[in-house]
There are 4 protein chains.
Amino acid sequence: MKYMLNQNCQTRKNRIPIEKLRHKLSDPEFLLQKNRTVSKVKYRLQLIDLKLSRRYNRKIIQKIEHRLKKPDSIARKLTKKGCQITFENAREKLNDIVGIRVVCLYSDDVYKIASMVKRQKDFRLIKEKDYIKNPKKSGYQSLHLILDIPLSFQEDTILQRIELQIRTIAMDFWAGVDNHICYKRNPEESKKTERDLKNYSAIISDMDRQMLELRKKVEKI
Amino acid sequence: MKYMLNQNCQTRKNRIPIEKLRHKLSDPEFLLQKNRTVSKVKYRLQLIDLKLSRRYNRKIIQKIEHRLKKPDSIARKLTKKGCQITFENAREKLNDIVGIRVVCLYSDDVYKIASMVKRQKDFRLIKEKDYIKNPKKSGYQSLHLILDIPLSFQEDTILQRIELQIRTIAMDFWAGVDNHICYKRNPEESKKTERDLKNYSAIISDMDRQMLELRKKVEKI
Amino acid sequence: MKYMLNQNCQTRKNRIPIEKLRHKLSDPEFLLQKNRTVSKVKYRLQLIDLKLSRRYNRKIIQKIEHRLKKPDSIARKLTKKGCQITFENAREKLNDIVGIRVVCLYSDDVYKIASMVKRQKDFRLIKEKDYIKNPKKSGYQSLHLILDIPLSFQEDTILQRIELQIRTIAMDFWAGVDNHICYKRNPEESKKTERDLKNYSAIISDMDRQMLELRKKVEKI
Amino acid sequence: MKYMLNQNCQTRKNRIPIEKLRHKLSDPEFLLQKNRTVSKVKYRLQLIDLKLSRRYNRKIIQKIEHRLKKPDSIARKLTKKGCQITFENAREKLNDIVGIRVVCLYSDDVYKIASMVKRQKDFRLIKEKDYIKNPKKSGYQSLHLILDIPLSFQEDTILQRIELQIRTIAMDFWAGVDNHICYKRNPEESKKTERDLKNYSAIISDMDRQMLELRKKVEKI
């Protein structure tokens, strides 16, 4: 989902491992498994949305998106973690090769959705990171669930790791601006920009809170 | 997949039950389950195709199609079976509300595909009808597998009945002509037309056999 | 895109005209034309996004959505306008049977996109409504372009009316909350809720302005 | 649509020009134009199908497929034509970078469809090759229309070359077998195999003729 301004990881040294990675990531069987995983999780989310929307008499999920992490982005992350750029490391060290994002209107909806996801008996919750209660230093807010999703073929079942991000539209907006702006930061000015972005993150939390209060007021009417 | 020339089932008497059926068949949860089932089976078929195509060094599956049976068609079939036109009867008495069709080049591929489908541990085979070895009176040829496919949500697993038709392109062609022509038959001429169609079915079997022999000859080279 | 809580237009009196409308709106040729129009406009928007993203070195369009107006919603709007509920009135009096929405990060992007759309020689601009410079009383903000899009078939060219809404994510968020909440308003409390929503609209404009300033500052670095 | 058994064109000498080609063929603007062209032609074909199906009271078009020619396949064709492997040559010398295929039941339907396509005022017919009246030496049968399709953006209109193949299911079947088998031919045995395939082509023509006669008989009833 990111628009690459500079692929600063694609130095001469990394060119060949990244090419190998790209080749393995475009293997038809690998892609089929990933698409299958996405389609399985999306279906559950649609069903969850149907149930919640009926219960609360309003549309709960506003948007479901997914992306497969691109080779350059995998290489950058592995390098940052001090790992070699290989397909095996990508699969073992990274949780977000398959990323699915759910966007909703209100911050309490985030937890309603997460709670339903965690009740899917065949999904295994690996980790939960609540960046809403504890935002990242940058100001980033979202609820992350790392999940293992089972896929069957013949007698076998394989597990597929995914990262599910659940957030409000306002958090999604902030992440979009951050994502765009962070590519332009230079060391000198970055302190100032970072402070600004963090302030806006606080404004956004505030707005989410106000919107939630408004909704609750209206629901009581 | 059929093009309706006359919806001879939609008499005045049946109008209201068909409307009720149409309403229930367009329920979002029902549609979500059916689409989910189709997508699950199609994924397995794609994976089967990948494995077989690698093993035999040629593309095995030529086409995968699906259709949800339309209300009029359900009503016609229930009436023919002497059942009342209700959603419950549709679900309990009909195996082919969800129909998936796989088309391949050669008649031995039909059995290769079927054998792989039957090896899917979580699919339950309900019935197998081999209309290739024993064509229908009309001349119709295909291998039909009636299957129960499990879908999970939270703690529950529900079974979804499907009819999987596996056939060669030549058989698919005959079925297309039959499907078109049978709507025009009138009682007087029907005997003659039926005989013609049956003859063409024999010609088609013959062609399938010749193509298979040609392939085997070529494979030996 | 709206989630219907009460279909208050579907009174007994309106049931038959709405059924007729539904029938005409599901005519295959009508649907084909509408889908074709949507696909034509989306393609132009994707190409516009490609050109702008290259020029400004960042992803400009965040989301493109479309919807065909539902029969109930058409009926409600025609009734509000004092028109009879007919297919002909729907086509002649309503501009937004086909609605396409473009969402971007910053408020100046709205005008960049609009300017490119207006340069498409074969699109005819019927009306432009700038609810960003002049928000609606409710607080609603967006730029609306009413356009006629030509479709060819054989010797003929027919014009297809669409409403194109261009807005920032923040404006889109406000519209989502408004859309949800307006269904719950009751006369007594509505004054208060309306005032709240309007205030939030001002907050949102403010945030858009701050984000734009931040971007401009960063771009100068 | 072909399954590559041996990519005999990818010799060491050709590796770099093919890589360059692959890069240019995956340019987002190029892909957008090609997808747009396909979507425009498919829409016309769907509308043609709607009109013809109404006129003849049966479904005319059975299948619409498309493919973008793969880099290896482009390289092979350019080499065969004695041209260098460049993007410019691919665009100027090849008519079938975008290929669209329409499959119907009966051989007279081929000409009904072609006649409607030729009546599209904005499509420009470049060449028509009737391999049904004059099959290729191999036995291949189809009607090919080479067309230029106009695409607009801002003030400009660019022409997009496509190859439209129209054939019956039986012809499509033959082409599928030929396509598979021709990869396995070796010089010694090839004479015999070619003769077989040609014979089967004659059988298929015969069957198409019989099916057409059957339909005509039935239509008179």
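**Exercise 1.** Find which rotation and which shift superpose chain A on chain C in this predicted model.

*Solution.* Two copies of a chain are related by a rotation about an axis and a shift along it. Within chain A, A:A170 comes closest to the rotation axis, its C-alpha lying at 3.6 Å.

Residues are numbered from 1 along each chain as written, and chains are lettered from A in the order in which they are written. Local features need pLDDT of at least 70, side-chain atom pairs count only at pLDDT 80 or more, totals for chains, interfaces and linings use all residues, and side-chain values use heavy atoms, without hydrogens and water.

**Exercise 2.** Describe how helix 2 and helix 5 of chain A pack.

*Solution.* Start with the geometry: helix 2 (residues 28-56) and helix 5 (residues 107-118) of chain A pack at an angle of about 130°, with axes 10 Å apart. Axes are lines fitted to C-alpha atoms over the stretch in contact, and angles run from 0 to 180 degrees between N-to-C directions. Helices are DSSP runs (H or I, at least four residues), numbered from the N terminus. Next, the contact (heavy atoms within 4.5 Å): residues of helix 2 of chain A, including A:L45 and A:Y56, meet A:K112, A:I113, A:M116 and A:V117 of helix 5 of chain A.

Methods: Copies are superposed by least squares on the C-alpha atoms of residues with pLDDT of at least 70 in both. Helices (H or I, at least four residues) and strands (E, at least two) are DSSP runs, numbered from the N terminus.
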